[in-house]
Amino acid sequence: MPIVQDIRRLDRQGMSRAQIARRLHVDRGTVAKYADMEDCAEDATDDGIDAMGNPSAGTIVYAGPLEDGLTDERLSDLFGMPIEVQHTHGRWSAYAV
């Protein structure tokens, strides 16, 4: 990820994409891809919820035993829609219902 962050930083500073590619020794297509990418982190609010109402990356929404955290009620509240959680043979699944 550091190369992506460098591309985005240099692009914001106004460096041309050709200059970024030469400086970082990457293809210009790679520079264009990451320079044009929408920054999801900018959509996050102070409470860790993005514009769509979902927790932003790295936001801790629960800490405790897995069985207590992965419940129908908790996930339904988190995602704002009814979700059913199943735990079978050591595997977890969640379905919109």
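Glu-84 stands opposite Tyr-95 in strand S2. In this predicted model, strand S1 (residues 83-88) and strand S2 (residues 91-96) run antiparallel and are joined by 6 bridges. The protein chain holds 5 helices and 2 strands in total, and from the N terminus on its elements follow the order α-α-α-α-α-β-β. Of its 97 residues, 18% count as buried.

**The S1-S2 hairpin**

- Thr-88 has Arg-91 in S2 as its bridge partner.
- The hairpin of S1 and S2 has 2 residues between the strands, and in this hairpin His-89 takes a positive phi near 55 degrees.
- His-89 is found in the loop between S1 and S2, and with a relative accessible area of 80% this residue is exposed.
- Trp-92 belongs to strand S2 and is partly exposed, at a relative accessible area of 29%.
- Leaving out residues up to four places away in sequence, Trp-92 touches Val-85, Gln-86 and His-87, as well as Leu-66, Glu-67 and Leu-70.
- Glu-67 lies 25 residues from Trp-92 along the chain, and the C-alpha atoms of the two are separated by 9.9 Å.

**Packing of H2 with H3**

- Two packed helices are described by the angle between their axes and the distance between the axes.
- Helix H2 (residues 17-24) packs with helix H3 (residues 28-36) at an angle of about 115 degrees, and their axes are 9 Å apart. This makes H2 roughly perpendicular to H3.
- The crossing in which H2 passes H3 is right-handed.
- On the H2 side, the residues that meet H3 are Arg-17, Ala-18, Ile-20 and Ala-21; on the H3 side they are Arg-28, Val-31, Ala-32, Ala-35 and Asp-36.
- Sorted by class, the contact of H2 with H3 comprises 6 nonpolar and 3 charged residues, with no polar ones.

**Packing of H1 with H3**

- Helix H1 (residues 2-12) and H3 have axes 9 Å apart and pack at an angle of about 75 degrees. H1 and H3 are therefore roughly perpendicular to each other.
- Val-4, Ile-7, Arg-8 and Asp-11 are the H1 residues in this contact, and they meet Thr-30, Val-31, Tyr-34 and Ala-35 in H3.
- The contact of H1 with H3 divides by class into 5 nonpolar, 1 polar and 2 charged residues.
- Val-31 and Ala-35 of H3 take part in the contact with H1 and also in the contact with H2.

**Packing of H1 with H2**

- The angle between H1 and H2 is about 145 degrees, and their axes are 10 Å apart.
- H1 and H2 form a right-handed crossing.
- In H1, Ile-3, Asp-6, Ile-7, Leu-10 and Asp-11 meet Arg-17, Ile-20, Arg-23 and Leu-24 in H2.
- By class, the residues of the contact of H1 with H2 are 5 nonpolar and 4 charged, with no polar residue.

- Most residues other than glycine have a negative phi.
- His-25 has a positive phi of about 60 degrees although it is not a glycine.
- The position of His-25 is in the loop between H2 and H3, and at 71% relative accessibility His-25 counts as exposed.
- His-89 likewise has a positive phi, of about 55 degrees, and is not a glycine.

- Ser-76 is found in helix H5 (residues 72-79).
- Ser-76 has a relative accessible area of 17%, so this residue is buried, the cut-off being under 20%.
- Apart from neighbours within four places in sequence, Ser-76 is in contact with Met-81, Pro-82 and Ile-83.
- Among contacts in the protein chain with a separation of 6 or more, residues 24 or more positions apart account for 17%.

Terms used: Residues numbered from 1 in each chain as written. Predicted model: local features only at pLDDT ≥ 70, side-chain atom pairs only at ≥ 80, totals over all residues. Heavy atoms only, no water. Axes fitted to C-alpha atoms, helices over the stretch in contact; angles between N-to-C directions. Helix = DSSP H or I, 4+ residues; strand = E, 2+ residues; numbered from the N terminus. Parallel < 35°, antiparallel > 145°, perpendicular 65-115°, else oblique. Left-handed = near helix turned anticlockwise from the far one by under 90°. Contact = heavy atoms within 4.5 Å. Nonpolar A, V, L, I, M, F, W, Y, C, P; charged D, E, K, R; others polar. Pairing = 2+ DSSP bridges. Buried < 20%, exposed > 50% of the residue type's maximum accessible area, 1.4 Å probe, protein only.
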